[in-house]
Amino acid sequence: MAAANSLAIASLGAAAAKAEPLRANRTSNSTASPAFSFRVCQSGVAFVGSRRGAVRRSPRCEAAAGISAIEQFKISADRYMKERSSIAVIGLSVHTAPVEMREKLAVPEAQWPRAAGELCSLNHIEEAAVLSTCNRMEIYVVALSWHRGIREVTEWMSKTSGIPVSELRQHLFMLRDGDATRHLFEVSAGLDSLVLGEGQILAQVKQVVRVGQVSGGLGKNIDRMFKDAITAGKRVRSETNIASGAVSVSSAAVELALMKLPKPHCGSARMLVIGAGKMGKLVIKHLAAKGCKKVVVVNRSVERVEAIREELKDIEIIYRPFSQMHSCAAEADVVFTNTASETPLFLKEHVQVLPTVSEDVGGVRLFVDIAVPRNVGSCVANHEHARVYNVDDLKEVVEANKEDRLMKAMEAQAIITQELKRFEAWRDSLETVPTIKNLRSYADRIRASELEKCLQKVGEDALTKKMRKGIDELSTGIVNKLLHGPLQHLRCDGSDSRTLDDTLENMHALNRMFNLHTDQKAILEQKIKAKVGKTQS
């Protein structure tokens, strides 16, 4: 019985189709929950991997296990009645973790849906979303149980990255409910970025929603939260000056390179950009703005380079295929890298054979790597004629631009607070959904019963099809008008002055008057059954 009590929902998904996670839950429950530091920092989310050690069962065995999971849930469901599902964010960023760790956790956009699906298959996770950038790795979830959900996600991160949980804990931050939502809104507004007010992160938040809509992976809470975060991000940029003069990661990379070059020869330094994606295009744009007249671009296809060439007329852009990457590096003084390669493009053996650059530009070749995972191996930094800078080194540039934006950030916080209240009011209103459904169902049952009595008294033969339709519409209209007022007072979406306390008071009054009390245990049991069924399928 003790084992069953400790499992509760933790056994529901595992018992449905996987024996190994069930054993793991028993083990982890015997130890104290890990202690975590609560810190706000920059975000990024992504998921990949698969649960190892799964035991394959026949459909009959899986069905039996599913029933067992429900029965075990019933034993200790009361503990889950005390709190509603929590929204949580677990992650690390440029503020809390070095690039060496972030690159192990980074996941390409194409793999977000699969990872979100794996997270949702965890025992206590209902919804999940991913935001993975060069500066952050964050996982947003809705968890049936806060402590168990956090533990499961942390263990999942450890398995997919190969980083021990004990090491991850030193760099992770996690936030719950209102704090988690505020964090996402700040991320979307550029307040948590390495470069305060940068705009690229808003596009990345939008992409999470697009990917989720295509894959069908976002639940209603996460979907609404991300959409409201996008609204907050747009308002901050349109109603404040936080983005005016703000530099992006790409422009900060250009600034850093120019800081490291001898000033008299900045204009004559030979520039090479590897990768012509969004970041590469911005690097070229900022090089042109700084007076650079020529740049060599290495990319897998010429089409993107031609498109950039058409847009940027003030700089000569020379295309070279990837096969000529190292020979192009031999003729460059500064190499910017920003590709999606998961393995380094430059290692020490590649750099050792490159000719030494002129003393006019400092005698060392600069590698400015703004990719995550990194394109330039850390071993290159040991070469005497090379210097390597990655996204973590951009802080040197960013600090110079930070002070004059702090006042603008305070203005942005006021907007975020407004949007946060709207989201929280919407989420609070979900508590009344069962009462709304029950009241509607109660009224419809009465209407159907009375309509049937009326038709029996009048007689089927006495009414034409049009008359029967008219009577049906009349009864429906009367019910809708009678329900309009009560249902309006059960909604608390922030659009009027009604408070959550008022709405909940109305809900309890209607529950008492019409005996609409919802069996919360039955609702949670339905969630468990759905999760078991999803695992089986």
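Mentor: Contact here means heavy atoms within 4.5 Å, and angles run from 0 to 180 degrees between N-to-C directions, with axes fitted to C-alpha atoms. The model is predicted. In it, helix α11, residues 200–215, lies across β2 and β3 (136–143) and runs at about 145° to β2. Those two strands belong to an open sheet of four strands, ordered β2-β3-β1-β4 with antiparallel pairing. Its edge strands are β2 (125–132) and β4 (173–176), each of which pairs on one side only. On average, neighbouring strands of this sheet are turned by 15° against each other, direction ignored. At the β4 end of the order, strand β1 (residues 86–93) is joined to β4 by four bridges, and the two run antiparallel. Within β4, M174 stands opposite I90.

For parallel pairing, turn to strand β8 (residues 334–337). Strand β5 (residues 271–274) pairs with β8 in the parallel sense over four bridges, and V273 stands opposite F336 in β8. Four bridges also join β8 to strand β9 (residues 365–369), again running parallel; there, F367 in β9 is the bridge partner of V335. In a regular strand the side chains alternate between the two faces of the sheet. In β8 both faces are covered: V334 and F336 on one side, and V335 and T337 on the other, are all buried, that is, under 20% relative accessible area.

I478, in helix α21 (residues 465–488), counts as partly exposed because its relative accessibility is 45%. Together with L474 and L482, I478 makes a nonpolar surface patch of about 330 Å².

Notes
Residues are numbered from 1 along each chain as its sequence is written. This is a predicted model: local features need pLDDT of at least 70, side-chain atom pairs count only at pLDDT 80 or more; totals for chains, interfaces and linings use all residues. Side-chain values use heavy atoms; hydrogens and water are left out. Two strands pair if DSSP finds at least two bridges between them. Patches are made of residues with over 30% relative accessible area and no salt bridge: like charges are joined within 9 Å, nonpolar side chains (Val, Leu, Ile, Met, Phe, Trp, Tyr) within 5 Å. Accessible areas come from the Shrake-Rupley method with a 1.4 Å probe; for residues, only the protein chains shown count as cover. A salt bridge is a side-chain nitrogen of Lys or Arg within 4 Å of a carboxyl oxygen of Asp or Glu. Buried means under 20% relative accessible area, exposed over 50%, partly exposed in between (1.4 Å probe, protein chains only).
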